[in-house]
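Take a glance at the structure, then read on.

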Amino acid sequence: MKFVIPKNEGGSGCDTIAYILALKAIAKVDAGIAVAMAVSNMVAESISRFGSDQMKKKYFPLIKSGECVPLAFALTEKNAGSDVKSIKAEAHIDTDDSSVYIINGEKQFITNGDMAGALILMAKTKLKNGTEGISAFLIDGDNPAINVVKQEKKMGLLTANLVDLKFENLRVPVSNLLGDEGQGLKIALSSLDGGRIGVAAQSIGISEAAFEAALRFSKERHQFGHAISENQAIAFKLADMRVKLSASKLLAYKAGWLKDQGESYFEEASEAKLFCSEACTQITNDALQIHGGYGYIKDYSVEKYFRDGRVTTLYEGTSEIQRLIIARQILADVFQTDDLVL
C-alpha cells in the first residue's frame, strides 16, 4: 500500500492515474484482491489527509511493511447505507477516564473486517446533531472488543472477505480520533470520492478481461462453417463493448487527473463510478452471451467476470445514488433539500 502515501511521509508519492492503472491490472486478474487493495488504499489515504503526526508515525511504517494490511472502512450498518445519518453506533467519553472513548454498535458489509490490521470506524459522538455528530476513529484490528458476527456468502468477489462486526464496550484512546470530533462525515465523503475512482478502475479491469475473453472466443468458436465473430450480431456486440470500455477509461482518467491537480472531482468521481460500473455489467453480460452455453459453466472465466462485475453498481454508492449526486450538481437550484446521501 506504499504508493498512496506521499513521499514526505515515506511513500512513493505515486499519482492517482498510476493507481488507477495498477488497480485496473489487478482487477483484470482477480477483482476480489483488487477490492481489498482499494479499501486499504482508501483508508491509508484518509490517514494521510486527516491523521495526526502520531498516527502517521505509528501506522505508516506498519502499512508500508505489510504488517498492518489489509485495512478496513467501517461505515455501513443494517439501516444506514446511503442514509448515513441513520447510523446507530455510538461513542462517548468514559465517565471514569476522559482520555478514552467507549464505542458500542454494529457494522455490516465490511470488506477486510475480519483480517484488518487497522480500521476506520464511524460512530455518533453527539447524538442530537445529526451528521455533525458523526466522528471517525482509527482502531487496531486486533482489539478483543471487535467481534465478527457473520461472514457474508457472496455471489462474486470470492477472494475478498465481507463481514458484519459488533463492537462491545470498545475502548479507544481520544488520540485515536481521526480528525476532529464531528468531522466524520467530511472524512467519509472525502474517502468515498476517492473510493469511487477505485471502483471505476476495478470495473475497467473486469470489463477489459471480459472483452478480451469474448473477442478471443468469437474468433475460435465456429458455427455454420465460420467463426462467430464474422456474424454481424456478434461483431456489433464486440464493437459496442469496445466503445464502452474506451469511454470508461477516459472518464476514470479524467477524475483521477482532476484529483492529482488538486481540483474538485466530486461530480467526476460519481460520473466515472456510474458509467464504468454500468458498462461493466453490460460488457460482462455480453461476453457471457457471446460464449453461449459455455459462458454459463465454470470452465470459462466469463461467468466469474459476470459475478464479480455485478457488485460494482452497488458498493461505494449505488448507481441510483450516483445519479442523484450528479443530478443535484446540475440542478442545484431545483433540489431544495438537506438530505445527505452517500
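Let's start with R307, which sits in helix α7 (residues 302–310); helices here are DSSP runs of H or I with at least four residues, numbered from the N terminus. This is a predicted model, so local features need pLDDT of at least 70 and side-chain atom pairs count only at pLDDT 80 or more, while totals for chains, interfaces and linings use all residues. Residues are numbered from 1 along each chain as its sequence is written, and side-chain values use heavy atoms, with hydrogens and water left out.

A second residue to look at is A255, found in helix α5 (residues 232–260). Both residues are listed below; buried means under 20% relative accessible area (1.4 Å probe, protein chains only).

| Residue | Relative accessible area | State |
|---|---|---|
| R307 | 16% | buried |
| A255 | 0% | buried |

What does R307 touch? Skipping neighbours within four places in sequence, R307 is in contact (heavy atoms within 4.5 Å) with M155, G156, L158 and K298. A polar atom of the R307 side chain lies 2.9 Å from the backbone oxygen of M155.

The C-alpha atoms of A255 and Y265 are 5.8 Å apart, though ten residues separate them along the chain.

How values were computed. Helix = DSSP H or I, 4+ residues; strand = E, 2+ residues; numbered from the N terminus. Buried < 20%, exposed > 50% of the residue type's maximum accessible area, 1.4 Å probe, protein only. Polar contact = N/O pair within 3.5 Å; in protein donor to acceptor, adjacent residues only side chain to side chain.
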